[in-house]
Amino acid sequence: MASATYMCPVSPGSNDAPAIMYGYALQNLLSSYYDSVPVNESFYSTLPSPTMPMTDFLANTKGLAVQARLGEQGLLEAGMAAGAMKPSCKFSYPPVTDAKSHLMNAYDLEATMCGAFIGLADYVQSPQAAFLMARLAAEHGIHASYIGSHMKPVVFPTNSTSLTPAFTPEMVSMTGVGVGPLGDYLNNCVAPPAAPCGGTVEVGMTGATLNGQGSANVMGNSSGAMGTGGVSSPSTMPQAFTGDARLVQAIVLVPAVLAALTTLVVSL
């Protein structure tokens, strides 16, 4: 069996701390949002008949909050091991008027978290930190798909030309609505981590590239998260969580444009 060459030490260190704690703030936002919405059978009674018994649907949606707290715990433990300080955040939340709006919010947040943790895997060095980012990205992708499966239209379009969209921390910290930007809710409580080696991460259709200072030495021919992808988009350009990788052509994105990026219009 071929041996892999890892960045040592294997455990998270000070270079990983900014990305880990940025991820912690995102996870804390999600966990806090779920805790702010009391859900019960009465809360969901206004929804159309679900495709599963209400007791199971309620258990699953409550389980989302449990998983959010577990992710929060994992990131906090990794951050403390890396010598990081826990950020103190006062979040804002997307408005909830009924069960439908709550599920729309949950979908947007979970889909954003999926892309955000895919992106954060490019901002850490230790294998343990990268493993945690990958695991959380998968977790949130599963959650977003579950919520999306109870909505219309189709969650996985047949004309998709991209893997699941990934977001850099700069993209996530932008203000706006829908999938991608969380700046309106984070309230500047945590700064996005810098890209490795003073470079700039650019997200493509299937992979990502690290451009700029020192990037040539760390990119190599990697086929992993930092491997070369297809057409790349500047890290300031969010993509919609629809499987469709149409690239946004504007650098300065006003909220109206950000809303248009989320092309999955949910309707119950």
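**Exercise 1.** Are α1 and α4 roughly parallel or roughly antiparallel to each other?

*Setting.* The model is predicted: local features need pLDDT of at least 70, side-chain atom pairs count only at pLDDT 80 or more, and totals for chains, interfaces and linings use all residues. Residues are numbered from 1 along each chain as its sequence is written, and side-chain values use heavy atoms, without hydrogens and water.

*Solution.* 
- Step 1. Locate the helices, taken as DSSP runs (H or I, at least four residues) numbered from the N terminus. Helix α1 spans residues 17-36 and helix α4 residues 127-149.
- Step 2. Take the angle, which runs from 0 to 180 degrees between N-to-C directions of axes fitted to C-alpha atoms over the stretch in contact. The axes of α1 and α4 come within 12 Å and cross at roughly 30°.
- Step 3. Apply the cut-offs: under 35 degrees is roughly parallel, over 145 roughly antiparallel. Therefore α1 and α4 are roughly parallel to each other.
- Step 4. List the contact (heavy atoms within 4.5 Å). Ala19, Ile20, Gln27, Leu30 and Tyr34 in α1 meet Ala129, Met133, Leu136, His140 and Ile147 in α4.
- Step 5. Sort these residues by class. Eight are nonpolar, two polar and none charged.

**Exercise 2.** At what angle do α1 and α2 pack?

*Solution.* 
- Step 1. Read the geometry. The angle is about 155°, and the axes lie 8 Å apart.
- Step 2. Classify. That angle makes α1 roughly antiparallel to α2.
- Step 3. Name the partners. α1 contributes residues including Tyr24, Asn28 and Asp35, and α2 residues including Arg69, Glu72 and Leu75.
- Step 4. Count by class. The contact of α1 with α2 has twelve nonpolar, seven polar and three charged residues.

**Exercise 3.** How many aromatic pairs does the structure hold?

*Solution.* 
- Step 1. Count rings of Phe, Tyr and Trp (its six-membered ring) with centres within 6.5 Å; planes under 30 degrees apart are stacked, over 60 edge-to-face, the rest tilted. The structure holds four pairs.
- Step 2. Examine one of them. Tyr33 and Tyr93 are tilted, at 6.3 Å centre to centre and 55° between the planes.
- Step 3. Tyr33 sits in helix α1, Tyr93 in the loop between α2 (54-81) and α3 (99-120), 60 residues apart.
- Step 4. Check accessibility (buried under 20% relative accessible area, exposed over 50%, partly exposed in between; 1.4 Å probe, protein chains only). Tyr33 is buried at 1%, while Tyr93 is partly exposed at 33%.
- Step 5. Take another pair. The ring centres of Phe43 and Tyr44 are 5.2 Å apart with planes at 75°, so this pair is edge-to-face. Both residues, Phe43 and Tyr44, are buried.
- Step 6. Connect the rings. Tyr33, Tyr34 and Tyr93 are linked into a cluster by ring pairs.

Terms used
Helix = DSSP H or I, 4+ residues; strand = E, 2+ residues; numbered from the N terminus. Parallel < 35°, antiparallel > 145°, perpendicular 65-115°, else oblique. Nonpolar A, V, L, I, M, F, W, Y, C, P; charged D, E, K, R; others polar.
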